[in-house]
Amino acid sequence: AISVSLDEEINEKLLLHGTRPKTLLTLLQNGLSERFSGGLFGSGSYLAEDPSKIDQYCMPDTNVGTDLRMLHEKLYDECGVEPVKNIFYALVCRVALGFPVITKDGETNMNAP
């Protein structure tokens, strides 16, 4: 088990991001960005605390075809690891969530002192 110390002052959490094999290399090279991803609620970087919430974004990597050659070189060849068939990719992300503002009208902070 890996132990990670999270900063409670900035509401730091470990969250999950599920992705398809064809987008994983872009994520590894550029990080999460709303420019590269979209979902049910529009463009954005979607993260979840529960694996069951990211599974709809994950597709199996069957290690077939040449369109994933660069990804497989990075993940397997350069690391000296044997490729795995039908693997799903999920990223564990360390995220600073900051402080939430709750509002009903888009203007008034309901948590204000």
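Me: Two strands count as paired if DSSP finds at least two bridges between them; how many bridges join strand 1 to strand 4?

Reply: This is a predicted model, in which local features need pLDDT of at least 70 and side-chain atom pairs count only at pLDDT 80 or more, while totals for chains, interfaces and linings use all residues. Residues are numbered from 1 along each chain as its sequence is written, and side-chain values use heavy atoms, with hydrogens and water left out. Strands (E, at least two residues) and helices (H or I, at least four residues) are DSSP runs, numbered from the N terminus. Strand 1 and strand 4 run antiparallel, and the number of bridges that join them is eight.

Me: Which residue in strand 4 stands opposite E12?

Reply: E12 belongs to strand 1, a strand that is joined to strand 4 by eight bridges. Within strand 4, the residue that stands opposite E12 is A96.

Me: With which residue does the side chain of E12 meet in a salt bridge?

Reply: Side chains of opposite charge can pair when their charged atoms come close. A salt bridge here is a side-chain nitrogen of Lys or Arg within 4 Å of a carboxyl oxygen of Asp or Glu, and the structure holds four of them. The partner of E12, at 2.9 Å from N to O, lies 82 residues away in strand 4 (residues 89–96), so that the pair links distant parts of the chain. That partner is R94.

Me: Is E12 buried or exposed?

Reply: A residue is buried under 20% relative accessible area, exposed over 50% and partly exposed in between (1.4 Å probe, protein chains only). Six of the eight residues of strand 1 are buried, and the strand is thus mostly covered. Because its relative accessibility is 14%, E12 counts as buried.

Me: How does the salt bridge of K53 compare: is its partner E49 buried or exposed?

Reply: The closest N and O atoms of K53 and E49 are 2.8 Å apart. K53 is partly exposed, with a relative accessible area of 44%. E49 has a relative accessibility of 54%, and therefore counts as exposed.

Me: With which residue does the side chain of T19 make a polar contact?

Reply: T19 is found in strand 1 and is buried, with a relative accessible area of 5%. A polar contact is a pair of N or O atoms within 3.5 Å; within protein, one must be able to donate a hydrogen and the other to accept it, and residues adjacent in sequence count only if both atoms are side-chain atoms. At 2.4 Å, the side chain of T19 makes such a contact with the side chain of T23.

Key
Pairing = 2+ DSSP bridges.
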